Amino acid sequence: MDQFVIEGGVPLHGDVRVSGAKNAALPMLAASILAEGPCRFEGMPDLRDIRTMLEILGELGVQAARQQDGSIVTEVVDPSRVRAPYELVKTMRASICVLGPLLGRRRRAEVSFPGGCVIGPRPVDLHLTGLEALGVRVDVGGGYIAADGEDLRGGGELYLGGPFGPTVTGTANVLSAAVLAPGTTVIQSAACEPEVVDLAHFLVAMGARIDGIGSPTLVVRGVERLQGTTWRVIPDRIEAGTLLCAGALTRGDVTVRGCDPGAMTAPLALLERMGVDVERVDEDGLRVRAGARPRPADVVTLPYPGFPTDLQAQFMALLCVADGNSFVTEKIYPERFIHIAELQRMGARIRKEGPTAIVQGVERLSGAPVMASDLRASAALVIAGLAAEGTTTVERVYHIDRGYERIEEKLGALGARIERRNPAREAVGAG
Ligand code: EPU
């Protein structure tokens, strides 16, 4: 298994470009099942999760391949296939995103239940009740969701709010089925995340009729068919936020290019509250400069436009060296705190009280061997390692490879001393 070996304490300097958004790319690739004719996607990041989605699409009779120019082209070649198997779904929860498109276009789906996750329970009940409102019959058995959409129709008013707010991939699923359902569907409490907005615009480019895009009320008027189209995926706001944190944590001077600052209001406001200097450069650049310890701050994760849960761990790493005490409250995944124990290994002082972490800032972190456990927790450990004194070894970086494209190259170009190693392979090579 690969690991990162990081020599910390080097302030990052320079320009770095963000990749396309993983969480927009995945449901959008799944939605290409709906299209008649080929779809071409530009700006798709080269990630393990994207490769998994292409494999799943292959299982579902969609030819999907990356072209020499980096774009991904998909085309349905066998619409009879409707089963997304456990072997693939278990490696990536976002596989559930094929459910809605399969029902929309093929009126049938068998998708393995995605199961648990290290960041806490991740049910799909809202996806299923939303689809049932569209006339889909759902049967759960043998670890699979078997859904029959023969009677798919506009669902009238349906509600997608849950105990922790709207569901992001649930909105994507219901929307992707509703666009081909005869009649009108009004989705109340739809997720407003930019990734859902991008999916909706993509569907409209294919011929779908959707009003209210970006608001919690989506009005969908079903159409008979959707045509393939060309689409450029939005930039990854979570990768951009992670890179800004890396710049601030190492007290460097980093310009993150190719981002959409308008989709990052909450993280940018938080950096400002922490006394970190962030400046807009051109239309799509953000320059972060930090010379001193950040001020402490209180953070609460919330649905968009609130502060994203996918940046909670990275900002916690930054707050670990703040000049005072901070409170980090997780309102989307109350158990998403697996990084606390690893940050503690690096000298962080953090106490967890229910869904809140109390972070007592220390002067500096110190390098240590740590274990990556989920995508964003891993990113937090890497940026903590960049700022820490001494050597940090982050094990199991395959978690990071799921969602950050060429992270060590990008950080290396900013001056970070980070190396990918594989001790097992090196031992074989040496022997
Ligand atoms: N929820 C329910 N019932 C459901 C669905 C969700 O109660 O049927 C609850 C969840 O337990 C959670 C909350 O609602 O407490 C939000 O879950 P949501 O469904 O919105 O999450 P998701 O769609 O499974 C996406 C991202 C996650 C991101 C969340 C929240 C993708 C592929 N994944 O997950 O991204 O954290 O939205 O913004 O878009 C990541 O990239 O690291 C990641 C985990």
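This is a predicted model: local features need pLDDT of at least 70, side-chain atom pairs count only at pLDDT 80 or more; totals for chains, interfaces and linings use all residues.
Figure 1. A polar backbone atom of Leu126 is 2.7 Å from an oxygen atom of the ligand. Arg336 contributes through its side chain: one of its N or O atoms there is 3.3 Å from a ligand oxygen. On its own, the ligand has 830 Å² of accessible area, and the protein covers 92% of this.

**Figure 2. The shell around the ligand.** The ligand is surrounded by 24 residues. The closest are Leu126, Thr167, Thr169, Asp310 and Ile332. By class, the shell holds 13 nonpolar, five polar and six charged residues.

Figure 3. Four helices each give at least two residues to the shell: H1 (22-31), H5 (125-132), H6 (168-178) and H12 (375-387). Helix H5 gives the most, with three residues. Both domain 1 (3-19 + 235-430) and domain 2 (22-232) take part, each with at least three shell residues.

**Figure 4. The open sheet S5-S6-S4-S18.** Four strands make up this open sheet, in the order S5-S6-S4-S18. Their pairing is mixed. Strand S5 (62-66) and strand S18 (230-232) are the edge strands, and each pairs on one side only. From one strand to the next, the twist averages 15°.

**Figure 5. Close-up of the S5 and S6 pair.** Strand S6 spans residues 72-76 and pairs with S5 in the antiparallel sense. Five bridges link the two strands.

**Figure 6. The open sheet S11-S14-S16-S15.** This open sheet also has four strands, ordered S11-S14-S16-S15, and its pairing is mixed. Strand S11 (156-159) and strand S15 (209-211) stand at the edges. Each has a single partner strand, so one side of each is left without a neighbour in the sheet. The twist averages 20° from one strand to the next.

Figure 7. Asp211 has Val219 as its bridge partner in S16.

**Figure 8. A cis peptide bond at Pro305.** Most peptide bonds are trans. Tyr304 and Pro305, however, are joined by a cis peptide bond, with omega about 10°. Pro305 sits in the loop between strand S22 (298-300) and helix H10 (312-319).

**Figure 9. A positive phi at Ser189.** Most residues other than glycine have a negative phi. Ser189 is not a glycine, yet its phi is positive, at about 60°. Ser189 lies in the loop that runs between strand S14 (184-188) and helix H7 (194-206). Strand S14 is also one of the four strands in the open sheet S11-S14-S16-S15.

Conventions
Residues are numbered from 1 along each chain as its sequence is written. Side-chain values use heavy atoms; hydrogens and water are left out. Two strands pair if DSSP finds at least two bridges between them. Axes are lines fitted to C-alpha atoms, for helices over the stretch in contact, and angles run from 0 to 180 degrees between N-to-C directions. A residue is near a molecule or strand if one of its heavy atoms lies within 4 Å of it. A polar contact is a pair of N or O atoms within 3.5 Å; within protein, one must be able to donate a hydrogen and the other to accept it, and residues adjacent in sequence count only if both atoms are side-chain atoms. Accessible areas come from the Shrake-Rupley method with a 1.4 Å probe; for residues, only the protein chains shown count as cover. Ala, Val, Leu, Ile, Met, Phe, Trp, Tyr, Cys and Pro count as nonpolar, Asp, Glu, Lys and Arg as charged, and the others, Gly among them, as polar. Domain bounds come from an automatic or database domain assignment.
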